[in-house]
There are 2 protein chains.
Amino acid sequence: MTANQARQTRVLIVGAGAIGGFYGAALQRGGADVSLVCRSEAEVVRQHGYRIESVRRGDSVLRPNQILLSAADYQGGPPDYLVLSVKVVHGLDRVSLIRDAVGPDTAIVLIENGVEIESEIAQAFPANELISALAFVQVSRIAPGVIRHFAFGDLTFGNYPRGLSERSRHFGALLESGGIQCALTEQVVTARWAKCLWNAAFNPASVLGGGLDTEDMLGTPEGEALVRRAMQEVRAVADAAGHSLAPELIDQYIENTRKAPAYKTSMALDYLHRRPMEIEAIIGNAVRAGRRERVDIPTLENLYALLKMVEHKAGKPA
Amino acid sequence: MTANQARQTRVLIVGAGAIGGFYGAALQRGGADVSLVCRSEAEVVRQHGYRIESVRRGDSVLRPNQILLSAADYQGGPPDYLVLSVKVVHGLDRVSLIRDAVGPDTAIVLIENGVEIESEIAQAFPANELISALAFVQVSRIAPGVIRHFAFGDLTFGNYPRGLSERSRHFGALLESGGIQCALTEQVVTARWAKCLWNAAFNPASVLGGGLDTEDMLGTPEGEALVRRAMQEVRAVADAAGHSLAPELIDQYIENTRKAPAYKTSMALDYLHRRPMEIEAIIGNAVRAGRRERVDIPTLENLYALLKMVEHKAGKPA
């Protein structure tokens, strides 16, 4: 931070959905020079910026410095941070989306769901710093160029596979200046497994029940028992993979979910809106980790198999 | 068959759905005096009879001798056979539906789906002969008083808990005269478990995928593996309950299902039409049998729990 102190930190965001827009706006408020790769809505954003409506935080607008159709078009040299915030879905090649904009000093930041989603990027860019981030936020893109923020907003992150670099801390400082609460961790992979504990249980069940909310899922003894079985299996897989999670986390998650107003998971919303679901990131990778570590995971296998059936059907001509 | 030979066999059918109408018509063709308890469509049936449309067998009409709103209204003394062909769904008291028409010499015939569905009736009518029957048929009630027959029609039956009485044979003779192929068995409970092997796997998965057909379910390796796991668990439960099923049955079922044109299960059709599903008869009883026999049944438990979530949601005000 010597010669560079004078110039703005340059951030390129790839993936102009709700997550990319929401945190992009925060980075801009925090003082960064933010550019955005977006496709369908480039023209709307060029004219009006990317509007974030939030009851809690007030409305704000992200006005990207550069609005690009592809990362390759980014001008002025490689960015300091390339934020990848696309959904991790089947058939999307995340490496090729970002390759042309990653310079030798670019830190790659993943703000994405799931477990074991980093290795593909780490292998493609072995010399780059990789920051892995988990968003705890309810945001939704409600129209071209318009995001609605419903609740939360915290970001948990750290370096992959572990540690916490100066670049990570600087990224956190920008976000904090932009109003985002950050939890920096030296064990981000463990944090991903902890989030997976909730996600791999509730997300699949919400889809398989036809778009259930949390109350629907916890509303019967059998339902709660299923959720607990899935969580116990994730915990066993995480443990075998070297990421011990506190056993009381399961009770806490169930209790907190019961206390919160009923809501639908991101996967249920994708399902109901006939969008691709993050099946592999949210449960498929956990299943593969379980097989690799030779952990008995019948419930995860079953949930995954049922989701693959749903996906198979969705992929057929109607 | 001495003094009674002169008079017609008297059959009362309780449950005027597709199954009751279809086999009722066959019994009438076979020479029986058939009466029908039906509610909403009593007037239509009184005027036009119960029409069965069948490409394979030609159309036919069941003209019941008595059309009743309740079994208690049956005239002329108790029937020789009381056929119960209602769906086995939560909250329906099957015993009270038939109690007033069951005489000391009435044989009760269950033409219903599921496993372990007989004991409730056997306990309520310990002195009566109980015949348990499995229909292999695709029929659907398409309008009040109109049934469409799509395929098959065979009936497998025998006495509960085992054996094959004269009354069973006579019932078979009536049906055979009416054009129905019957498979009489001394081990009807084993036959129920064999059918459950298919039902408890495909029916729940078809609902949980949002109304899948058989091709959707077998279209991915994960899907087929799930179906096989469920079948293996049912086989283990049946075995523990004293009903050994041939191991090759699983391969046969998968192969035959693959070869047949894709179709939706009865439970998927109920789900898509927002009708009550036979969750307990088709999988709940198998789960309880597995718990009772201390068999490890994670897949059946998971499928059952997910169906309970669906049912819980369906029961809530929209």
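Guide: A disulfide is counted when two cysteine sulfur atoms lie within 2.5 Å. This is a predicted model, in which local features need pLDDT of at least 70, side-chain atom pairs count only at pLDDT 80 or more, and totals for chains, interfaces and linings use all residues. Side-chain values use heavy atoms, with hydrogens and water left out.

Visitor: How many disulfides does the structure hold over all chains?

Guide: Zero, over all chains. Burial is read separately: buried means under 20% relative accessible area, exposed over 50%, and partly exposed in between (1.4 Å probe, protein chains only). A:Cys182 is buried at 15%, and B:Cys196 is buried at 4%.

Visitor: How much area do chain A and chain B bury between them?

Guide: Buried area is the accessible area (1.4 Å probe) that two parts lose on being put together, summed over both. Here the value is about 2,600 Å², with 60% of it on carbon and sulfur atoms. Of the area that chain A buries against chain B, A:Glu222, A:Asn302 and A:Met309 supply 23%, more than any other three residues.

Visitor: How many salt bridges does the rule find across the interface of chain A and chain B?

Guide: The rule asks for a side-chain nitrogen of Lys or Arg within 4 Å of a carboxyl oxygen of Asp or Glu. It finds two across this interface. A salt bridge joins the side chains of A:Asp216 and B:Lys313, at 3.8 Å from N to O.

Key: Residues are numbered from 1 along each chain as its sequence is written. Chains are lettered from A and ligands numbered from 1 in the order in which they are written.
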